Structure formats: C-alpha cells, structure tokens
Amino acid sequence: MSNKKATKSHQYLFYICFDTPLIFRKNLYFNYEGIDFKLIKGITKYQDILCCIIDIETGSGPSKSEARMVQEIALRFLSCLSWELNVGITTGSSYGGVGWSKNRGGLTSVKQPTRITRTLIRNCRVRDIVKLPKIDDKYKANALSLFREAKASNSLYYKFLCYWKILEIEQRRKGKTRRQNEAIDWINNTIKENMWILQRSHLNAQILENKTVGEYLCKECRHAVAHVMADYELRPDSGESLFKIYTANIIVEYLVDIFMKKELGLKFTKDEKDNYLYLRKRKGKVIPVFIPYENCRIYK
C-alpha cells in the first residue's frame, strides 16, 4: 500500500495520535490527497492513531519536506473530520514515525505503533466516515484548522480568539486591510437576520450600552483578550470576565457556523454537494479514495 509508484528502496511509517470524544466502530482505510492512510481506532485508555507508509530514498528517514507534507495532509484530514462531526480533535505533539521494511507488509500489518493516554472522555459513536468538506484554498484550510482548535480548547479565551479569526478570513481572502471593521459589519448584518442567536445566548442587552453586537464582540471581547495587559480591563481569573467571554463564545460559535456554511461554502444539503468529498470504493484490492462529488460516477 505504498503511496508512490516510484521504486524507492526504503519505507517509513508515519503516525499521529489524536484525542477526541469520538468512538470509532472499526479501523478505517482511505486515500486522502494521494496518500493511503489507516485510522486505528483507540480504546478507552489510549488515543486513536492516524498512520501511513511512505516510500523514501534512504533508511535514515524522510526528508523534512516529505515529513512536513505528510503531517500537514494528516492534520487537514483531522480538521475536516472535526467540522464534519462537529467535535474537537486534539493532536498536541504526539506524532512521529519509524523505519518500515517492505517485507512486513502494508498498512494492514500496522497494529499500534505507539500508545498515548487519553485525556478526553469518549461519548460519541461514529458508524462510518463517508464524506468530508473539500479544501480548495488556504483560507478554507485555515478556517477548518481554527475550528478544530476552537472546538477542542478548554480555554474560553483561546476558543474565542480562534472563532474570531475565522470571521476575519473572508475579508483576508478578498485582500481587505480593515478586516475587523468588515467582521463587525458582517456580524451586525447576520444578527439582524438571526435574532434567535441573542436569545439563545441570554446576552444582557444592557452590557452593550451604545455599541452594536459586532462592536461589543470586537472591542470588549476580542481586544480585551488579545491585549489583556494593555488598555483593556479584563482580569482573566475573575468570574465576571469568564462569564463575559463564555457568553461571547456562544454567540460567535453560532456566527461561525453560519459563516463557514454561507461564506466558505461548507454547507451540505441534497442540492449542495460540490463542496464535499466522498469516500468511494475502487475496483480490485485498492484502498477507497476521497474524491469530489462530480467524479463519483467514475467509481460507481
């Protein structure tokens, strides 16, 4: 199950451990962005593992560029999985690899290259992974990565900053320099069309004073968190500050969901499938591959 047809003399087993509340039904084999992966489901005590076998030139291991490329593709897959299943996925620094001999077999021979203890409680069962959002530019990739970080974070302050950066992405893609102002306008327009967001967040309208919701989230929350030691009064350990950012996170989480579906095209419906990849089987003993919707008929 090598990823390239080139006749390289050595192989390398790359793996990355990840923690998630998901409970996978079984191990999963798939090809994503040209690389054959195996997702080894974890157990109650140990984390899940995503691994692949790559062909390399020397027995000393892959080059830095090869290792970086594989790692980035693996993390992009986990970011897409985080969005698709709406859960946080943490990776930390639990990744690495070992030399692999071709006579040991392919990915089916890989059992559990390492064991990292879980920190999250598993409470969400997953039957099968059949579709993932399609990444066609770096902005969408960054948004999905920030979403994964936000969903996985236990820090209210870091979670809020990740969500806020997502709301600035579309303006960055358009090359606009006053991204915060654009984000404020987008928030205000979206809130007007979705007043239910404020109702569900139980935001006390009095704390807005004369500010719009967008201005409040930017100046009183975003600036206060990013510049906590400057001119903004925010005491990280105070209950008042924690509750303030907790409420703000509820609002921006709803806004981010709307933003990523509407502005980045990550909404999946019966009539909107072009922005997704689908896992399709191939003829023979070949690993299934994630392909764009328009190419699915080739594999029927």
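Does Trp83, at 8% relative accessibility, count as buried or exposed, and what follows from the cut-off? In this predicted model, Trp83 counts as buried, because its relative accessibility of 8% falls under the 20% limit for that class.

At the start of α2, the backbone nitrogen of Tyr139 has a side-chain oxygen of Asp137 within 3.0 Å. The buried residues of the helix are Tyr139, Lys140, Ala141, Ala143, Leu144, Phe147, Arg148, Ala150 and Ala152. The elements that cover these buried residues include helix α1 (64–85), strand β8 (131–133), and the helices α3 (156–167), α4 (169–173) and α8 (239–262).

A pair of aromatic rings is described by the distance between the centres and the angle between the planes. Across the whole structure, a search finds 15 aromatic pairs. In one of them, the rings of Trp83 and Phe147 have their centres 5.0 Å apart and their planes at 75 degrees, so this pair is edge-to-face, given that angles over 60 degrees are assigned to that class. Because Trp83 belongs to helix α1 and Phe147 to helix α2, the pair ties together parts that are 64 residues apart in sequence. Phe147, with a relative accessible area of 5%, is buried, and Trp83, at 8%, counts as buried as well.

Another pair is formed by Trp196 and Tyr254, whose ring centres lie 5.2 Å apart with planes at 75 degrees, so that this pair, too, is edge-to-face. The pair links distant parts of the chain, since Trp196 is in helix α6 (residues 196–201) and Tyr254 is in helix α8, 58 residues apart. Trp196 counts as partly exposed at 30% relative accessibility, and Tyr254, with a relative accessible area of 28%, is partly exposed too. Ring pairs also link Phe30, Tyr32, Phe37, Phe77 and Phe290 into a cluster.

Conventions:
Residues are numbered from 1 along each chain as its sequence is written. This is a predicted model: local features need pLDDT of at least 70, side-chain atom pairs count only at pLDDT 80 or more; totals for chains, interfaces and linings use all residues. Side-chain values use heavy atoms; hydrogens and water are left out. Buried means under 20% relative accessible area, exposed over 50%, partly exposed in between (1.4 Å probe, protein chains only). Helices (H or I, at least four residues) and strands (E, at least two) are DSSP runs, numbered from the N terminus. Contact means heavy atoms within 4.5 Å. A polar contact is a pair of N or O atoms within 3.5 Å; within protein, one must be able to donate a hydrogen and the other to accept it, and residues adjacent in sequence count only if both atoms are side-chain atoms. Rings of Phe, Tyr and Trp (its six-membered ring) pair if their centres lie within 6.5 Å; planes under 30 degrees apart count as stacked, over 60 as edge-to-face and the rest as tilted.
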